[in-house]
Amino acid sequence: MDIPTSLKDLSVFESFPGLSVRYLRENLVFPLKKEDGHILLAMAQPEDQDLQAAMAVALKAPVVPVKAAEAEILEFIQTAYEPGSPMSRLVGDLEAEELDVESEETTEIGHLRDMAREAPIIQLVNLLVVRAIQMGASDIHLEPFEDTFRVRYRKDGILYETESPPKGLQAAVLSRLKIMARLDIAERRLPQDGRFRLKVQGHDIDFRVSTLPTLMGESMVIRILDREKVILNLHGLGFPPRELEQFDRMIHKPYGMILVTGPTGSGKTTTLYAALESINSSEKKIITIEDPVEYRLSGVTQMQVKPSIELTFARGLRHIVRQDPDVVLVGEIRDRETADIAIHAALTGHLVFSTLHTNDASGAVTRLLEMGIEDFLLASAILGIVAQRLVRRICPECRTPLPPGYKMEEWRLIRNGMGSGQEPEQLFTGQGCPACAHTGYQGRTGIYELLIVDDAIRPLILQRADASTVRQQAIGQGMKTMAADGWDKVAQGLTTVEEVLRVTQE
């Protein structure tokens with residue numbers, strides 16, 4: 001294809017009906033001519049792959065981009081689409097239709113913005129937020145359905161439905177929250193993320209907002225980030241005494257990798273933050289890369305990934321190790337590149353913390369080997385792996401003993417299969433009271449297993465043994481499983497059998 005050096009080299013242009021002039025102007029793009037089955041496309045930013053793909057779909061033909069000055073493209077658009085030109089007639093009806101739609105949307109958006117700033121809507125949104133904080137919720141879910149606008153609060157990992165606003169106020173409530181989070185209220189076709197901060201009951205609380213377009217309107221989830229309620233102390237997380245001592249000794253080592261595993265919402269980030277707080281000092285430089293940064297840590301350099309500008313975990317981590325850190329926290333190992341850089345950082349004098357989504361501690365070894373990490377590097381770098389879950393604590397205000405022997409035989413069989421050593425003398429439950437919102441539970445605690453990579457585990461990694469073999473070897477050396485730790489907490493009267501079964505049974 002003969003590509004001109006300037007648009008002025010073209011003596012004639014072709015007609016491409018169905019294109020929006022407004023779209024061409026906003027994106028500084030213009031289709032010039034069709035040749036050999038391809039369309040020559042003038043672009044101010046020819047490297048924009050998404051725009052090329054969009055134009056190829058609109059033009060129903062592959063495109064060949066050519067660099068052009070912005071002024072040149074705008075001049076050509078004006079010439080091609082000026083009143084009376086062939087192209088202007090081809091797109092005239094479409095543009096008129098588009099302007100009408102735009103006018104209607106502008107009117108509707110203006111109306112929504114006005115409603116969102118009215119006192120009743122502001123008071124309603126404030127009520128939803130304050131009620132969630134008073135309840136001790138971690139998330140607010142606003143979900144649109146055909147006839148209802150449902151609001152639910154997540155407390156201690158469980159969703160509870162509450163009184164919902166009228167369906168007719170759905171758009172106004174969501175618009176108010178989007179304004180607070182500095183989101184575009186006119187954008188309802190794409191997901192958006194934002195943040196805002198409020199002073200509630202005398203202290204600042206951060207809120208992270210996420211929207212998602214659905215068939216019935218936008219769904220919104222608001223994560224409540226109350227730093228004062230986050231336990232950043234290893235002693236308050238629920239580690240058993242022996243495991244706490246082992247973990248504390250591990251995090252004070254000068255280099256190596258420590259992993260925390262578990263599903264989303266199992267408290268991995270809290271455990272890592274507590275570990276960083278425990279070792280944080282003026283003598284150490286600590287850098288984190290997270291997605292997203294949930295809490296600000298004093299004295300710690302924190303960085304957030306931004307995929308939109310290609311700032312990924314791997315790319316960020318590659319630059320972090322050039323900043324001479326002593327300790328590095330990688331929010332999550334998602335791919336081989338990130339795992340490779342993290343492993344090499346651990347082998348070159350850095351203490352590296354990270355997370356993986358695996359069911360137990362031994363599964364993390366298999367996952368990294370499957371990613372392509374060399375077994376000898378993994379065996380040399382990794383210090384230990386923590387697997388964890390969160391169980392709800394029985395409310396201390398309405399904690400009640402169950403009748404002696406209540407379901408004891410049934411539960412004893414399950415407990416023995418999970419390898420617990422403690423036999424509970426008495427089981428407890430929560431009756432439900434105003435203090436716990438009649439749920440019987442108040443707050444959560446962790447249940448843990450800690451796999452220490454020592455001289456008995458390293459040969460298994462070098463042999464690429466499966467997770468079951470690694471797990472059995474660790475148990476044989478005294479590793480307490482998550483289930484066993486859960487049963488011990490049942491025996492201590494901290495939680496219930498149902499809670500342990502809920503989070504440990506796969």
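## Cores and helix pairs in a predicted model

Of the 506 residues in the chain, 48% are buried (under 20% relative accessible area; exposed is over 50%, partly exposed in between, with a 1.4 Å probe and protein chains only). This is a predicted model, where local features need pLDDT of at least 70 and side-chain atom pairs count only at pLDDT 80 or more, while totals for chains, interfaces and linings use all residues. Residues are numbered from 1 along each chain as its sequence is written, and side-chain values use heavy atoms, leaving out hydrogens and water.

Me: How many residues are in the largest nonpolar core?

Reply: A nonpolar core here is a set of buried Ala, Val, Leu, Ile, Met, Phe, Trp, Tyr and Cys residues joined through side-chain atoms within 4.5 Å. Leu259, Ile333, Leu368 and Leu378 have the most contacts inside the largest one. A second, separate core, which includes Leu225 and Tyr448, has 30 residues. The largest core has 47 residues.

Me: What is the angle between H7 and H8?

Reply: Helices are DSSP runs of H or I with at least four residues, numbered from the N terminus. H7 covers residues 241–251 and H8 residues 268–279, with axes 10 Å apart; axes are lines fitted to C-alpha atoms over the stretch in contact, and angles run from 0 to 180 degrees between N-to-C directions. Phe247, Asp248 and Ile251 of H7 meet Thr271, Ala275, Ser278 and Ile279 of H8. The packing angle is about 65°.

Me: Is H9 roughly parallel or roughly antiparallel to H10?

Reply: The axes of H9 (residues 313–320) and H10 (residues 336–347) come within 8 Å and cross at roughly 20°. Angles under 35 degrees count as roughly parallel, over 145 as roughly antiparallel, 65 to 115 as roughly perpendicular and the rest as oblique. So H9 and H10 are roughly parallel.

Me: Which residues of H10 make the contact with H9?

Reply: Contact means heavy atoms within 4.5 Å. From H9, the contact uses Phe313, Ala314, Leu317 and Arg318. On the H10 side, the residues are Glu337, Thr338, Ile341 and Ala342.

Note on methods:
Helices (H or I, at least four residues) and strands (E, at least two) are DSSP runs, numbered from the N terminus.
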